[in-house]
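Here is a short note for a colleague who is opening this model for the first time. Please keep the sequence and the structure side by side while reading.

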Amino acid sequence: MMILYRTHILGRTGLFTVRIDAQGTIADVEPFRGLVPSHALSAWKSHAQEPEHWDLEKGLLLPGMVDAHTHLDKALTLPFTTNTSGTLEEAISRFKEYQPKLTEEDVLTRAVMVAQQASRYGTTTLRTHLNSAYPDPNALKVVLNGMQEAQRILRRQMDLQLVLMCPTIEDDQWASAVLPAMAPYLAAIGGAPALARDPNRNLTWILDWAERLNLAVDLHIDETLDPLSQTLNTLAEQVPARGMQGLAIAGHCVSLGAMSLLEASAIADKVAQANIGVITLPQTNLYLQGREDETSPRRGLTRISLLNEAGVQVASASDNIQDAFHPFGNGDLLLVALITAYGSHFGESSADTLLKMVSEIPGKMIVNTNYGIHAGQPADLVALECPTALSGLQTLLAGRRVWKRGRLVNTTLLAETPLGTTYSQ
Ligand SMILES: [Zn+2]
């Protein structure tokens, strides 16, 4: 049995001891009794990899971080897809031009590089959306094969979930040929209805197929500052009507931030009723949205506080990493949490919430509804060499240890230098 002594746990007060059984499941979580056995090794000074007993020395333990919305098929393609206008529209067309050049090996290499880096930062589950490459099923097959190989390579350190983005054209012939065959490999189907000629029709079509195949949906919703784009409202009406409560995720929801408070509140209430999870993607939306505004450019984030007040769970995720949509990003969800803070005016009183938005909350959305540091949960854990969520956001460079199903998969120790702090492996 592995035991972690003397650790803080995100969202709780006091120090704890966490026991993990041989199957990689959390056996129990108890208040720390004030004694660390002499054979326990320092989590921050020892270079040992697999001891049974660790002293966390008042570090902070989080549930494994969950990057619930990424695009690994596009990640790291920036050198080949320059977006000169910096708009979503140009980004879409640049990747569309590049997609025929993708090979399985290229997709696999880029996906594994980004996922392994995310794993070093503490991500234990990562979900990627995949472009449909509509109407070419062979181009889609290239991406799917590359991603399935990536899943196999990464399986000891990370669960990689796949979501297929359906096209903006409601083509049942394409859907019949592609979706039933791919369904067993998918965590959900998605799409971006706001980009379709008739967004509500496109959304309805995607929901019809999800219902038919008994799949969840994970959609790009209203990634626009146009307040008249209200597919979130349609989704919140259709989900309960179809009995899909708890099976729908809405990413972006940018236009919710551009509507009047009254309109946005009414929609937020419906989203709560429908048990739809919302994911904000601050890196990409701060970058893409609002650049047409000549003064005080808008931020492009959804209304996190309003949604929370209505009872909606809101997670934060990476979205694009070094591609035509977003030239920066490194897969570090601690950085995403910090950018979420800046983008939504969250301060020190929200520090715990910000770290929950990249761990426990997305875990409840896409891993299991009880995700967290409790007995019976898989021991997907990240320890940070800092005592609180706030100090983690302040330093970013805290040492980290990452466990997947109770197995240590990554260690990044902090080295003191005269100038401050730097990383060393
Ligand atoms: Zn996205």
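**Notes on the predicted model**

1. Start inside the sheet. Isoleucine 249 has glycine 277 in β13 as its bridge partner. β12 and strand β13 (residues 277–280) are paired in the parallel sense, over three bridges. Strands count as paired if DSSP finds at least two bridges between them. Helices (H or I, at least four residues) and strands (E, at least two) are DSSP runs, numbered from the N terminus. From β12 the chain crosses through α7 to β13, and this β-α-β crossover is right-handed. Right-handed means that, with the strands pointing away from the viewer, the path from the first strand over the helix to the second runs clockwise.

2. Before going on, note what kind of model this is. It is predicted: local features need pLDDT of at least 70, side-chain atom pairs count only at pLDDT 80 or more, and totals for chains, interfaces and linings use all residues. Residues are numbered from 1 along each chain as its sequence is written.

3. How confident is the predictor? The protein chain has a mean pLDDT of 94, and 97% of its residues reach 70 or more. pLDDT is the predictor's confidence in each residue, from 0 to 100. Over residues 417–425, pLDDT stays under 50. The model has ten contacts beyond four places in sequence for that stretch. A contact means two residues whose C-beta atoms, placed from the backbone, lie within 7 Å. Where pLDDT is low, the predicted coordinates should not be read in detail.

4. Now the other pairing of β12. Strand β11 (residues 216–221) pairs with β12 in the parallel sense over five bridges. Aspartate 218 stands opposite isoleucine 249 in β12. β11, helix α6 (residues 231–241) and β12 form a right-handed β-α-β unit. Is β12 covered or open? It is mostly covered, with five of its five residues buried. Buried means 20 or more other C-beta atoms within 10 Å of a residue's own, exposed means 12 or fewer, and partly exposed lies in between; C-beta atoms are placed from the backbone.

5. Next, β8. Strand β8 (residues 123–130) is mostly covered too: eight of its eight residues are buried. Strand β7 (residues 65–70) pairs with β8 in the parallel sense over four bridges. Threonine 70 stands opposite threonine 128 in β8. β8 also runs parallel to strand β9 (residues 159–165), and six bridges join them. Arginine 127 is placed opposite glutamine 161 in β9. The β-α-β crossover from β8 through helix α3 (residues 137–154) to β9 is right-handed.

6. Some backbone angles deserve a look. Most residues other than glycine have a negative phi, and most peptide bonds are trans. The peptide bond from tyrosine 134 to proline 135 is cis, with omega near 10°. Proline 135 sits in the loop between β8 and α3. Cysteine 253 has a positive phi, near 50°. Its loop lies between β12 (248–252) and α7 (261–273). Cysteine 253 counts as buried because 33 other C-beta atoms lie within 10 Å. Aspartate 319 also has a positive phi, of about 65°. It is in the loop between β14 (314–316) and α10 (333–344). Aspartate 319 is buried because it has 29 C-beta neighbours inside 10 Å.

7. Which residues does methionine 357 contact? Leaving aside neighbours within four places in sequence, they are Val314, Ala315, Ser316, Ala337 and Thr340. Methionine 357 lies in the loop between α11 (351–356) and α12 (360–366). It counts as buried because 28 other C-beta atoms lie within 10 Å.

8. Last, the domains. Domain 1 covers 2–63 + 372–424, and domain 2 covers 65–366. These bounds come from an automatic or database domain assignment. The C-alpha centres of domain 1 and domain 2 are 30 Å apart. Their contact takes 19 residues from domain 1 and 23 residues from domain 2. On the side of domain 1 that touches domain 2, the elements giving two or more residues are β6 (60–63), α13 (389–395), β16 (400–404) and β17 (407–417). α13 gives the most to that side, with four residues.
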